[in-house]
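Please look over the sequence and the structure shown here before reading on. The report that follows takes up one topic after another.

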Amino acid sequence: MLDTVGLAEKDPDREQPWAELGLKADEYARIKEILGRRPTSSELAMYSVMWSEHCSYKSSKVHLKQFAEIPQETPLANADGTAGVGKMLAGIGENAGVVDIGQGYAVTFKIESHNHPSYVEPYQGAATGVGGIVRDILAMGARPVAVMDPLRFGPLSEPDTHRVLPGIVAGVGGYGNCLGLPNIGGEAVFDASYLGNPLVNALCVGVLRHEDLHLAKATGSGNQVVLYGARTGGDGIGGVSVLASETFDETGPAKRPSVQVGDPFMEKLLIECTLELFAAGIVTGIQDLGGAGLSCATSELASAGDGGMHVELDRVPLRDSSLAPEEILMSESQERMMAVVEPEDVDALMAICAKWDVEAVVVGEVTDTGRLEIDWHGERVVDVPPRSVAHDGPTYHRPFERPDWQDALQADTAAGLQRPTNGDELRDTVLRLVASENLCDKSWITDQYDRYVRGDTVLAQPSDSGMIRVDEETGLGVSVATDCNGRFAKLDPYAGAQLALAEAYRNVATGGASPLAVSDCLNFGSPEDPAVMWQFAEACRGLKDGCLELGIPVTGGNVSLYNQTGATAILPTPVVAVLGVVEDVRRRTPSAFGAEGEAVYQLGDTRDELDGSEWVHVVHGHLGGLPPRVDLMAERALATLLHDGVGLLTSAHDLSEGGLAQALAESALRHGVGVTVGPSDDSFVQLFSESAARCLVTVRPGEEGALEAMAGALGVSARRIGTTGGDAFTVEGAFSIPLDELRAAWTSTLPNALGA
Amino acid sequence: MRVGVVTFPGSLDDEDARRAVRIGGHEAVALWHGDHDLQGVDAVILPGGFSYGDYLRCGAISRFAPVMTEVVAAAGRGMPVLGICNGFQILCESHLLPGALIRNDHRKFVCKDQKLRIENTRTPWTSAYDEGAEVTIVLKNGEGGYVADADTLDRLEGEGRVLARYLDGNPNGSMRDIAGITNERGNVVGLMPHPEHAVEALTGAGTDGLGFFQSFGAAIAG
């Protein structure tokens, strides 16, 4: 029988399944206090899903708050190239942050996780992860122009990786390719801790003119609320609160309802239809439907606007006519949007939707009651203050404590482990590392993604960053990179988050872009474990301090907790995305050697920093000690050099995982231009250390002096280490590896493991 | 020259094809799938993408679009028509070209810079190339395996209607390495790789694809 507000008042003591819906006793009590009665079952559904960890950030928000301490402005240069200040058109709390990039353009970008669904159903989990982030970007008024996917898997040798990886990659590609969005980069990282907890993070970039900015708010009493896009079905009901908030524990209750199923064709229509609605100037507020579906969209639109909304839920077009109102409110059916328009614009909206074969229905209107009122065939099933659903969820001050094993972990350094001692051993080490799962060629994955569609892709994998042309006339463009080394974060979460930030910042700079802003996707284990909570708190603090020092804001992001199996959490994985602006993409710096006879330089200093490195991971299976030293001032100076050196530098490649050896190998293999490096006091440290704030660059012969002078002026050390040319990777006095042999080692790993 | 580019629901490379037409020195005209109107264009391109999501056979729904009635009629009168990727699939479904395109033999979507040999330079889309020219053009598809019965394949080869073939490895299992074909008259061309993504060195796989957007002007003018 339908549970109405009237019934809730008449029958106050009815037993309700709040615990099964993931609510705690005190949370249920608080709902009753807010309403002055027990909630109806529809209200209970809304609160339970909106107050879940995934939607309410209840465990993380006390730590996320500090990102607001970073000035909400960017270091956008003035038109004449002098230092300036850029505006944030929208920041944390909106669907996605929006950053001014000059010439009247703005860019919005955000990264989100879709980890748990991708473990349960890899293809659809990953596909709908892409779909969700694209709608977030669209909802800001932007045309989505590119996607990126940082992925993490269990070891390649594990059978389950062979189930999870191909499905996730096919899902990312299947959805993104069908939307016509180029996939311009990302990561594919393997570690035992991700077995059973793969990470699928999805990033989208969108471009808009300043005046096209739209926000998720329902204003203007009497304005019409329109639901358009796919019909609502039974998929993903409770998916958010259940799938995203509970660990996979074999003994616990089986809370694994259906994962959402994506329809990228519908999303493509939704994109074009929505952009046409924006162009017609008739949208006063807009929100995408993602996690928590209608519960989220209605409560967030209402609470950000004039505060009231009346919805007739029975008008929602259904794919399954048997759905109850509770289920409709919780459904996470994909490819739906909610727009607020003035009454006289409804016909225009309907005409545009009809042109694109997109179903649209007026489901309600904005009111001045301050209440979110939802009726089901004339009977009131929801009557709540919208803020209480959307924003007044619980806040947990979860205990956190530096784990007792952290000191022992940091004391267990790699110093005593056997290192290669001669040229032959170095040669073998280079070949073994380039073939290792984290350093090998990833084209088995990236060749399944369309990187060319839209015709504006300037850089994509395997470059350090992805770069997209925004304006064909002026060459204005944007660049994005995502990075995180979870092993460094495990050794020191504060430094690890800063190293992730530094690497993404550096990667954006290598192409010649100026870093402007940050989005983050914080993937951690269970917040109920004080050790994990400490990792999370430290990573947030590190990221905030790092952003302050680099002068770039956090514009938004996402938190994914409970990534663990039993008592074993994933490596703390704060993935950091940095967005940069490029004045003229035609002058970007390529990431690989392009010609013979050029001078090869290493910028930045190499220290004996092998703890947590790929070398020690691959060769010794060891994790301990301290991550490389963080020097953000050095990162800034290096980024300035990479920016000012555009035109002088013929290539630039970040030094990170795998160190100089990996950067030299990748730079040489890309276009088949070999390299000879001079001898060093300690070739092993030179080749495999993972010290931060370093970059490999080349200049034309005769321009060495110009580079050295520029580096000297900026206080960046620049050391000539070799010369490009030939068809081998050679370290004088140690070894030489023909490029064909190097290429065979680098490219065969994934095809051998996963099938050509 | 005015070159129409049709947008179907789910077309993705339509904007790219229009840009390539402009770079080729011609005027690009946007055509809509739902209109019985070619707006007086001199040639038509059916662009790449996933029209109707490719949920049925690729191109199987788009062939019934109102605009296709006009395209089929115009093709019959000799108008140059180029179908790229999904456009090639639509041309096959419309029976303007023989054969069909099926899922890649390795069952994965593939995006790569692909080497091709241009074998027929007598069409209005390929006259700018030298016969036997080896070019590199972007290939990106999930269902790009060209198939036809042996008689059809023999006839295509015998009549010189194989437009382009894959070199250095067959990327999708296409029979006889066929990347593109033309009809008997030579005005309708289907090509699985994407020449519109090889017109700017900055954003594509070099500029080897430009010939497709420069050829027809010369051919028709001549």
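Leaving aside its neighbours within four places in sequence, with which residues is Cys85(B) in contact? Two residues are in contact if their C-beta atoms, placed from the backbone, lie within 7 Å, and by that rule the partners of Cys85(B) are Gly48(B), Asn141(B), Met192(B) and His194(B).

## Basis of the model

This is a predicted model, in which local features need pLDDT of at least 70 and side-chain atom pairs count only at pLDDT 80 or more, whereas totals for chains, interfaces and linings use all residues. Residues are numbered from 1 along each chain as its sequence is written, and chains are lettered from A, with ligands numbered from 1, in the order in which they are written.

## The annotated active site of chain B

Under "active site", an unreviewed UniProt entry lists Cys85(B), His194(B) and Glu196(B). These residues span 112 residues in sequence, yet no two of their C-alpha atoms are more than 11.0 Å apart, so they gather at one spot. UniProt positions are given in the numbering used here, with feature names shortened, and annotations may be inferred rather than shown by experiment.

Cys85(B) is placed in the loop between E4 and H3 of chain B; helices (H or I, at least four residues) and strands (E, at least two) are DSSP runs, numbered from the N terminus. A residue is buried if 20 or more other C-beta atoms lie within 10 Å of its own, exposed if 12 or fewer, and partly exposed in between, with C-beta atoms placed from the backbone. Cys85(B) counts as buried, because it has 30 C-beta neighbours inside 10 Å. Glu196(B), in the loop between E11 and helix H5 (215-221) of chain B, is likewise buried, with 34 C-beta neighbours inside 10 Å. Leaving aside neighbours within four places in sequence, the contacts of Glu196(B) include Asp13(B), Asp16(B) and Ile84(B).

## The sheet of chain B

Nine strands of chain B form an open sheet with mixed pairing, in the order E2-E1-E3-E4-E11-E10-E9-E6-E7, where two strands pair if DSSP finds at least two bridges between them. Strand E2 (27-32) and E7 of chain B stand at the edges with a single partner strand each, so one side of each has no neighbour in the sheet. From one strand to the next the twist averages 25°.

Within this sheet, strand E9 (residues 162-166) and strand E10 (residues 178-182) of chain B run antiparallel and are joined by three bridges, with Val162(B) opposite Ile181(B). Helix H3 (residues 86-93) of chain B lies across strands E3 (43-46), E4 (81-84) and E11 (188-191) of chain B, and runs at about 120° to E4(B); axes are lines fitted to C-alpha atoms, for helices over the stretch in contact, and angles run from 0 to 180 degrees between N-to-C directions.

Chain A has 27 helices and 29 strands. Its radius of gyration, taken over C-alpha atoms, is 26 Å, close to the 27 Å that the globule rule gives for 756 residues, so chain A is as compact as a globular protein of that length; the rule is 2.2 Å times the number of residues to the power 0.38. Of the 756 residues of chain A, 64% count as buried.

In strand E22 (residues 573-582) of chain A, 10 of its 10 residues are buried, and both faces are covered, with Val575(A) among the buried residues on one side and Val576(A) among those on the other. Strand E17 (residues 477-483) of chain A runs antiparallel to E22(A) and is joined to it by seven bridges, while strand E18 (residues 514-523) of chain A, also antiparallel to E22(A), is joined to it by nine.

## The annotated binding site of chain A

For "binding site", an unreviewed UniProt entry lists Tyr57(A), Lys110(A), Asp520(A) and Gly557(A). Leaving aside neighbours within four places in sequence, Gly557(A) is in contact with residues including Lys110(A) and Asp520(A).

## Where the chains meet

The contact between the chains takes 24 residues from chain B and 25 residues from chain A. Helix H1 (14-23), strand E6 (110-118) and strand E7 (134-141) of chain B each supply at least two residues of the side of chain B that touches chain A.
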